Amino acid sequence: MDIRLSGFLYSRSINENDIRASVTAQREKDVVSLWGKIADWFLGTKVEAAKVALFRLAHADTLAQQLTSFSELKRYVAPARQDLLTWQISDNDPPVFQIGDFEILCHAVTENTMANLPPFDLDDRARLLCSMHYDGQNVVSEYHYFAAQSLAFTERTPDAVRAAQERFLSLNPNLLRAVKLIGLDQNDVKGDFARDMSLTVERMVSQMTEDEDTTVRAARNAESLSIFATNSKRVPDPSMSHSDVALDPALLESTRAAIRFVRESSARADAILQTLTERIKVGQLREANSVYAVFAERYPGNARRVAGIVPIKVFHHYWMGHLDYDHLGDQRVTTWQTQNPKWEDDGVKALLGGTLDTWAEQALTEIRRTAV
């Protein structure tokens, strides 16, 4: 496995032995050779600088130092090989920088991380964004799929998908934190920063993939991520504690039993959603909240995806069930939803805060009083 570097006149690359030597070296000077320096001068490549950046990445003491070195290393890699250097992020596993087949564990974020980061320019931010993978999927090219899968096909209107995308980012703190670390949360009132990010990503992805459809999607996703990350500064962090939710012992055990033998992530989500749906159908919203709390403690990454679907479950299986005898029930709900465009976000926050039952009852009261 070779990683080709950008340059002119001749092609240069770092092979697996170079990577292993750079990662395991004890001193920076051990990865630099005199011939390599001379070759760089004459061939216009950055082999030795890339080896040093890789050494610094592997031996950094802080996440800020790692991001600085990773960003520098990305600058030296040819566009067609950028996908060999990735930043792997998950809510279930520690984040890592992956260089080919080698993984370098990321240091934890501290209160000093942001202050110690270099002033990334648009190209640096775009390269880092393009390197991000969330649960194995490339963020900038696949983000539009992340949240859409939580919506039924008939619900996938442009506004609903966009709202689901923003909610997905707010409910996945590791991804949101990574996006903020590279400075995507700096959009302005006119939207110039988000558009500039979009154009920069568009140029880079076009060079990397030479695929027009992927390029267009990536540019749109980059702009959306910048807008969503900026908006997240204006709302409370939804990652609330579940400690205030009362846990019934029998319910606790039945919930654990429902997920104990389920290993696949998607199957776990399906299993817990089935349990939640059953509780919501019979009006046991507090119990549903307890079920979610148990699941969230065990599978935080999966739980955040599930949280985004719960308000829809309340809508279909609780509100509509109580409005069966109201011939204007459908119209009342539709009107109320139009008047309360953030109702799904409010429902998610209530679930995370342990007050799903209170939110659902208050909303139902408002729906019944809605004039049509």
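Reader: Which residue is the bridge partner of H133 in β7?
Author: N138 is the bridge partner of H133. Strands here are DSSP E runs of at least two residues, helices are H or I runs of at least four, and both are numbered from the N terminus. This is a predicted model: local features need pLDDT of at least 70, side-chain atom pairs count only at pLDDT 80 or more, and totals for chains, interfaces and linings use all residues. Residues are numbered from 1 along each chain as its sequence is written, and side-chain values use heavy atoms, with hydrogens and water left out.

Reader: In which sense do β6 and β7 pair?
Author: Antiparallel, over two bridges. Pairing needs at least two DSSP bridges between the strands.

Reader: What is the strand order in the open sheet?
Author: β5-β4-β3-β6-β7, with mixed pairing. β5 (102-105) and β7 (137-138) are the edge strands.

Reader: Which strands does α6 touch?
Author: α6 packs on the sheet against β3 (85-89), β6 and β7. Contact means heavy atoms within 4.5 Å.

Reader: Now the hairpins. How many residues lie between β4 and β5?
Author: Two, and G100 in that turn has a positive phi of about 60°. Q98 is bridged to E103 in β5. The β3 and β4 hairpin has six residues between its strands.

Reader: Which element has the lowest mean pLDDT?
Author: Helix α2 (residues 34-43), at 42. Helix α6 (residues 122-131) has the highest, 96. pLDDT is the predictor's confidence in each residue, from 0 to 100. Where it is low, the predicted coordinates should not be read in detail.

Terms used. Axes are lines fitted to C-alpha atoms, for helices over the stretch in contact, and angles run from 0 to 180 degrees between N-to-C directions.
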